[in-house]
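Biologist: Please show me the model. I want to go through the ligand site.

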Amino acid sequence: MADTIFTKILRGDIPCHKVYEDEHVLAFLDIRPLSYGHTLVIPKEEAATLDQLSDDASAAIGRVLPRLCRAIRAITGVEQFNVLQNNGPMAHQAVFHVHFHIIPKPGVDEGLGIEWPAKKLDPQEAAKLAASLSNEIGG
Ligand code: AMP
């Protein structure tokens with residue numbers, strides 16, 4: 001995997017406004033925040049997209065995400081927030097190292113805006129799809 005800007009941050013080659021660090025995870029302020037407190041949480045493991053991340057690195061992120069959300073809520077005073085995780089250019093990923101955005105939502109027109117083009121779920125199609133997915137994941 002080619003070096004990304006986040007690899008350089010992890011190596012300390014370029015600076016960041018660090019919020020949290022442990023053995024597996026680094027969190028720092030987004031350089032172009034959608035709202036005050038917008039924070040990025042990244043695994044130290046090199047993986048471009050979430051499906052490529054190991055169980056251990058994923059667990060380490062999962063352990064700390066709620067704690068980071070609580071800290072951001074406490075310090076910004078903004079109680080509502082989005083957690084966003086983009087995979088692939090069409091899905092708005094610009095940096096190809098897994099990252100979670102924590103984005104405070106201080107008002108209707110601030111923070112993350114989302115288009116949600118919901119469609120109908122056909123019950124028969126849904127049953128087939130759920131079975132296929134379940135079979136694939138082995139659950
Ligand atoms: P995404 O579109 O999900 O790949 O988001 C990448 C995010 O990384 C954007 O919100 C950028 O503002 C942010 N970003 C890019 N370079 C840096 C940097 N050097 N320090 C902090 N955040 C950055």
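Predicted model: local features only at pLDDT ≥ 70, side-chain atom pairs only at ≥ 80, totals over all residues.

Modeller: Residues are numbered from 1 along each chain as its sequence is written, and side-chain values use heavy atoms, with hydrogens and water left out.

Biologist: How many residues surround the ligand?

Modeller: Among the closest are Asp 30, His 92 and His 99. By class, the shell has 9 nonpolar, 5 polar and 2 charged residues. The shell count is 16 residues.

Biologist: Which residue has a backbone N or O atom 2.6 Å from an oxygen atom of the ligand?

Modeller: A polar contact here is a pair of N or O atoms within 3.5 Å. The side chain of His 101 places an N or O atom 2.8 Å from a ligand oxygen. A polar backbone atom of Ile 31 is 3.1 Å from a ligand nitrogen. The backbone atom at 2.6 Å from a ligand oxygen belongs to Ala 94.

Biologist: Which element gives the most to the shell around the ligand?

Modeller: Helices are DSSP runs of H or I with at least four residues, and strands are runs of E with at least two, numbered from the N terminus. Two elements give two or more residues to the shell: β2 (25-29) and α1 (5-11). With 3 residues, the top contributor is α1.

Definitions and conventions:
Near = heavy atom within 4 Å. Polar contact = N/O pair within 3.5 Å; in protein donor to acceptor, adjacent residues only side chain to side chain. Nonpolar A, V, L, I, M, F, W, Y, C, P; charged D, E, K, R; others polar.
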